[in-house]
Amino acid sequence: MRKPSSRARAGLAVVTAAVLGVAGCDAGGGSSPGGTKARAARPAPLWNPRPDSIAAVGDSITRGFDACTVLSDCPEVSWATGSDAKVDSLAVRLLGVAGAAERSWNYAVTGARMADLPDQMSQAAGRGPQLVTVMVGANDACRSSARAMTSVSDFRADFEEALHTLRAASPRTQVYVASVPNLKRLWSQGRTNPLGKEVWKLGICPSMLSDADDLTGAATLRREKVQQRVVEYNRVLKEVCAKDSRCRFDGGAVYDYRFGTDQLSHWDWFHPSKDGQARLAAIAYRTITAAGPVA
């Protein structure tokens with residue numbers, strides 16, 4: 001067989017190189033031996049607005065305390081993980097009814113303070129959830145007196161420890177942090193109901209609610225101290241959460257929400273009613289599914 005001429009061989013080499021070059025550019029973005037640049041892989045987004053499992057930590061609000069019967073938990077109406085259709089909890093909104101029953105867990109404890117959060121977070125992390133919801137801090141302000149409130153420094157240290165506990169066990173889990181409610185507003189709304197004030201005497205948030213009708217300077221100053229501490233707690237929640245790329249604070253939405261008597265328990269006129277729980281669920285859902293963090 002006759003060998004091709006040197007000119008033919010050179011032409012064939014050029015065509016072959018051109019074909020291989022085109023193939024190298026189109027083959028899945030990988031780099032070729034000739035130095036074709038690889039197509040940069042897109043990093044996975046840090047925040048998934050549709051997490052597939054949820055664990056809740058916190059205090060009596062997340063347990064649905066006093067929303068169904070007096071001085072009792074009612075987790076089925078929890079804003080975070082409840083099954084009650086009127087509440088339409090965060091878990092139901094994100095996972096559906098069946099998904100919420102299978103893939104949501106409530107580790108909140110009535111009476112819990114921030115110091116209790118690391119242990120709760122450890123339990124939650126054991127489930128490997130895609131999202132953990134946090135609502136805690138009211139009991140740190142609701143003490144026997146204003147002097148007994150949790151210090152801001154301890155509050156910060158315990159919250160940081162809770163997040164570190166989660167990150168050590170489940171580094172990719174997202175965290176939603178709700179602000180501490182405006183306790184002074186809850187006092188101003190609830191004090192209009194005689195029954196509520198009688199229940200308050202059983203020991204519900206005495207630093208804010210004791211002697212509910214006392215408007216003297218000393219009582220007013222006591223309530224202002226409690227309110228200021230809540231503002232400081234919310235600042236801590238915002239600052240610590242901002243340091244974690246997978247944490248979202250609600251931007252003060254729970255604190256700013258103007259709870260009325262329809263949103264308060266008709267057993268104690270302080271904790272959220274079913275209506276109030278539904279409002280908390282809506283705030284959480286908006287924050288979690290938003291395109292970006294709330295300012």
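**Pockets and aromatic pairs**

In this predicted model, 25 residues line the largest pocket, and those nearest its centre are Ser60, Asn139, Ile204, Phe270 and His271. The volume of the largest pocket is about 340 Å³. Two helices, α4 (138-141) and α6 (183-190), each contribute at least two residues to this lining. By class, the lining of the largest pocket comprises 18 nonpolar, 6 polar and 1 charged residues.

The second largest pocket has a volume of about 210 Å³ and a lining of 13 residues, with Ala242, Cys247, Arg248, Phe249 and Pro293 lying nearest its centre. At least two residues of the lining of the second largest pocket come from each of α9 (217-242) and β5 (247-249). This lining divides into 9 nonpolar, 2 polar and 2 charged residues.

The count of aromatic pairs comes to 3. In one of them, the ring centres of Trp79 and Tyr176 are 6.0 Å apart and the planes stand at 70°, so the pair is edge-to-face, given that planes over 60 degrees apart are assigned to that class. This pair links distant parts of the chain, 97 residues apart: Trp79 belongs to the loop between β1 (54-58) and α2 (90-103), whereas Tyr176 belongs to strand β4 (residues 174-177). Trp79 is buried, at 0% relative accessibility, and Tyr176 is likewise buried, with a relative accessible area of 1%.

The rings of Tyr257 and Phe259 also form an edge-to-face pair, because their centres lie 4.8 Å apart and their planes meet at 75°. Tyr257 is partly exposed, with a relative accessible area of 22%, while Phe259 is buried, at 6% relative accessibility; the cut-off for burial is under 20%.

How values were computed
Residues numbered from 1 in each chain as written. Predicted model: local features only at pLDDT ≥ 70, side-chain atom pairs only at ≥ 80, totals over all residues. Heavy atoms only, no water. 1 Å grid on protein atoms, 1.4 Å probe; cavity = no way out; pocket = protein on both sides within 12 Å on 5 of 7 lines; lining within 4 Å. Points joined across faces, edges and corners; volume = space filled by probe spheres on them. Helix = DSSP H or I, 4+ residues; strand = E, 2+ residues; numbered from the N terminus. Nonpolar A, V, L, I, M, F, W, Y, C, P; charged D, E, K, R; others polar. Phe/Tyr/Trp six-rings, centres within 6.5 Å; stacked < 30°, edge-to-face > 60°. Buried < 20%, exposed > 50% of the residue type's maximum accessible area, 1.4 Å probe, protein only.
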